[in-house]
Amino acid sequence: MKAVSEGASRRQAAERFGVSPASAIRWQESFEREGRVAAKPQGGDRRSQHVEAHADLILRLRAEQPTLILSALRALLAERGIATSESGLSRFFKRHRITHKKTRSTPPSSSGRT
């Protein structure tokens, strides 16, 4: 932080820029440690690597049982000690561009919608 390097205290720098003294201290320490003056990236994907680590198994299970629903797949993974959620599996398949189209339970009607 330029203000601190020019002689201002961290508290003065905090007041000058309208942030808390604790924030000014963290910013100064990150600048001294890493040379970084911008905020770290926020958000983003933090958990997909856990599911992706088991991609071969997930894809194999789906190939063996193509009609497997997410809750059943989640249960099979849990039996193997792999904890995940149905939504995590749904995002996995979306990332891999894999869709599951349900078949019709009744034959199409020749006279109208079913």
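Helices are DSSP runs of H or I at least four residues long, numbered from the N terminus. The model shown in these views is predicted.

**View A. The largest pocket and its lining residues.**
The pocket holds about 260 Å³ of space. Its lining is built from 13 residues. Arg62, Leu68, Leu70, Phe93 and His100 lie nearest the pocket centre. Two or more lining residues come from each of helix 6 (70–79) and helix 7 (86–95). Helix 7 gives the largest share of the lining, with three residues. By class, the lining has seven nonpolar, three polar and three charged residues.

**View B. Helix 6 against helix 7.**
The two helices flank an angle of about 105°, and their axes are 9 Å apart. An angle of 65 to 115 degrees counts as roughly perpendicular, so helix 6 is roughly perpendicular to helix 7. Helix 6 brings Leu70, Ser71, Leu73, Arg74 and Leu77 to the contact. Helix 7 brings Glu86, Leu89, Ser90 and Phe93. The contact has five nonpolar, two polar and two charged residues. Leu70 of helix 6 and Phe93 of helix 7 take part here. Leu70 and Phe93 are also among the residues nearest the centre of the largest pocket, shown in View A.

**View C. Helix 5 against helix 6.**
Helix 5 covers residues 55–64. Helix 5 packs on helix 6 at an angle of about 130°, and the axes lie 11 Å apart. Angles of 65 to 115 degrees count as roughly perpendicular and those over 145 as roughly antiparallel, so helix 5 is oblique to helix 6. The crossing is right-handed. From helix 5, the contact uses Leu57, Ile58 and Leu61. From helix 6, the contact uses Leu73, Leu76 and Leu77. These residues divide into six nonpolar, no polar and no charged.

**View D. Helix 2 against helix 3.**
Helix 2 spans residues 10–17, and helix 3 spans residues 21–34. Their axes come within 8 Å. The axes cross at roughly 110°, which means that helix 2 is roughly perpendicular to helix 3. Helix 2 passes helix 3 in a right-handed crossing. On the helix 2 side, the contact residues are Arg10, Arg11 and Ala14. On the helix 3 side, they are Pro21, Ala24, Ile25, Gln28, Glu29 and Glu32. By class, this contact has four nonpolar, one polar and four charged residues. Among the charged ones are Arg10 and Arg11 of helix 2 and Glu29 and Glu32 of helix 3.

Technical notes: Residues numbered from 1 in each chain as written. Predicted model: local features only at pLDDT ≥ 70, side-chain atom pairs only at ≥ 80, totals over all residues. Heavy atoms only, no water. 1 Å grid on protein atoms, 1.4 Å probe; cavity = no way out; pocket = protein on both sides within 12 Å on 5 of 7 lines; lining within 4 Å. Points joined across faces, edges and corners; volume = space filled by probe spheres on them. Axes fitted to C-alpha atoms, helices over the stretch in contact; angles between N-to-C directions. Parallel < 35°, antiparallel > 145°, perpendicular 65-115°, else oblique. Left-handed = near helix turned anticlockwise from the far one by under 90°. Contact = heavy atoms within 4.5 Å.
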